[in-house]
Amino acid sequence: MPKSTTAAPVIQLTKLTKRYGFGDTSHNALDEVTLKIQQGEFIAVMGPSGCGKTTLLNIIGLLDRANEGDYELDGKSVESLSSKQHAYIRSNQIGIVFQSFNLIHRLNVLENVALPLTYKGMPRTKRLERASEILKTFHLQEREYYMPWQLSGGQMQRVAIARALVNHPSIILADEPTGNLDSRSSHVIMEELSQLHKQGNTIIMVTHNPSLTSYASRVINMLDGKIASDTHIRIDTGDIDTVTKIPLNRHSPKTKNAKTTKAAKPARKTKKKATT
Ligand code: ADP
Ligand code: MG
């Protein structure tokens, strides 16, 4: 799908706030987050543990909702949609991948991947055919009848990605998808995500690993529920001179964050060297 930066954003968050707790003990996991995401962006979200990355992803994935602010998906406020419409979006437009894979251990690989199709009322044979097709694209067809515990971590995550994609969602959310994997398997997963990005899908990925941000077209650093920096990377030239930094009000991690994102960029050029 052709990408256009002038098109309306696929995701637009305006002053999104998520609060946990009550009264004196309440605190904002997200604090007035404003963010526009275009179709076809590959965004890496970074930041220290507890800064709100998972909360942000859960709200974008309609697994949770904000207390204040607005979330527009394809130009429509999600608050205005019925729970049936939310369920439809969750199963058709958005695919989610978790750090812990979340495969169902009593189902084999094929059945795991076919699972999201069950909720659509598709007949079993068709479901398994569709699952088999997508596993082929991940070169996992010879593992179809394996149980999840017979797979390596990297293979489990690839099955989980295949499951997230079986309904052909255009937005893929990944919460530390390589957090439990070694460096080699991490790069295999990143190559898969990169392929999906090249096909025009929108990817939002949380990661702790600065070297993986080299796959992204944009790097967002979060701190204390806010966006501390937002860096656009020009993939064609490998330049980062299009850096846009959004200053943080309360803290001043600007230099620190700028360093992190700048350090991340050369990893693309030296990727081979770095991983051997
Ligand atoms: P991250 O993914 O960046 O590590 P989270 O989004 O999981 O951070 O959490 C952000 C903040 O919100 C943390 O302070 C966390 O303790 C708090 N939080 C997350 N989920 C809950 C919850 N269900 N109840 C209370 N506090 C929560
Ligand atoms: Mg998290």
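**Entry 1**

I looked up Gly 21 and found it in the loop between β1 and β2. The model is predicted, so I kept its limits beside me: local features need pLDDT of at least 70, side-chain atom pairs count only at pLDDT 80 or more, and totals for chains, interfaces and linings use all residues. Residues are numbered from 1 along each chain as its sequence is written, while chains are lettered from A and ligands numbered from 1 in the order in which they are written.

The names of helices and strands are DSSP runs numbered from the N terminus (H or I, at least four residues, for helices; E, at least two, for strands). In the hairpin of β1 and β2, six residues lie between the strands, and Gly 21 has a positive phi near 85°.

Is Gly 21 buried or exposed? Gly 21 is exposed, because 10 other C-beta atoms lie within 10 Å. The rule I used is that 20 or more other C-beta atoms within 10 Å make a residue buried, 12 or fewer make a residue exposed, and counts in between make a residue partly exposed, with C-beta atoms placed from the backbone. Leaving out residues up to four places away in sequence, I found that Gly 21 touches Ser 26 and His 27. Contact here means that the C-beta atoms, placed from the backbone, lie within 7 Å.

**Entry 2**

I followed the hairpin into its sheet. β1 (residues 11-20) and β2 (residues 27-37) run antiparallel and are joined by seven bridges. Two strands count as paired if DSSP finds at least two bridges between them. I noted two bridge partners in β2: Leu 30 for Lys 18, and Ile 37 for Ile 11.

On to β4: β1 pairs with β4 in the antiparallel sense over five bridges. Leu 13 has Tyr 71 of β4 as its bridge partner. The open sheet has four strands in the order β2-β1-β4-β5, with antiparallel pairing. Which strands are at the edges? They are β2 and β5 (76-77), each of which pairs on one side only.

Most residues other than glycine have a negative phi.

Leu 62 is not a glycine, yet its phi is positive, about 60°. I placed Leu 62 in the loop between α1 (53-60) and β4 (68-73). Leu 62 is buried, because 20 other C-beta atoms lie within 10 Å.

His 139 also has a positive phi, near 55°, and is a residue other than glycine. His 139 sits in the loop between α4 (124-137) and α5. His 139 counts as exposed, because there are 9 C-beta neighbours inside 10 Å.

**Entry 1: α5 and its two helix contacts**

I took α3 and α5 next. α3 (residues 109-118) and α5 (residues 153-165) pack at an angle of about 30°, with their axes 7 Å apart. That angle makes α3 roughly parallel to α5. The cut-offs are under 35 degrees for roughly parallel, over 145 for roughly antiparallel, 65 to 115 for roughly perpendicular, and oblique for the rest. Axes are lines fitted to C-alpha atoms, for helices over the stretch in contact, and angles run from 0 to 180 degrees between N-to-C directions.

α3 passes α5 in a right-handed crossing. Right-handed means that the near helix is turned clockwise from the far one by less than a right angle, and left-handed means anticlockwise. On the α3 side I listed Val 109, Asn 112, Val 113, Leu 115 and Pro 116, and on the α5 side Val 159, Ala 162 and Arg 163. By class, six of these contact residues are nonpolar, one is polar and one is charged. Nonpolar covers Ala, Val, Leu, Ile, Met, Phe, Trp, Tyr, Cys and Pro, charged covers Asp, Glu, Lys and Arg, and the others, Gly among them, are polar.

I then turned to α6 (residues 183-198), which packs with α5 at an angle of about 20°, their axes 9 Å apart. That makes α5 roughly parallel to α6. α5 passes α6 in a right-handed crossing. Gly 153, Gly 154, Gln 157, Arg 158 and Ile 161 of α5 meet Ser 185, Val 188, Ile 189 and Glu 192 of α6. This contact has three nonpolar, four polar and two charged residues.

Notes. Contact = placed C-beta atoms within 7 Å.
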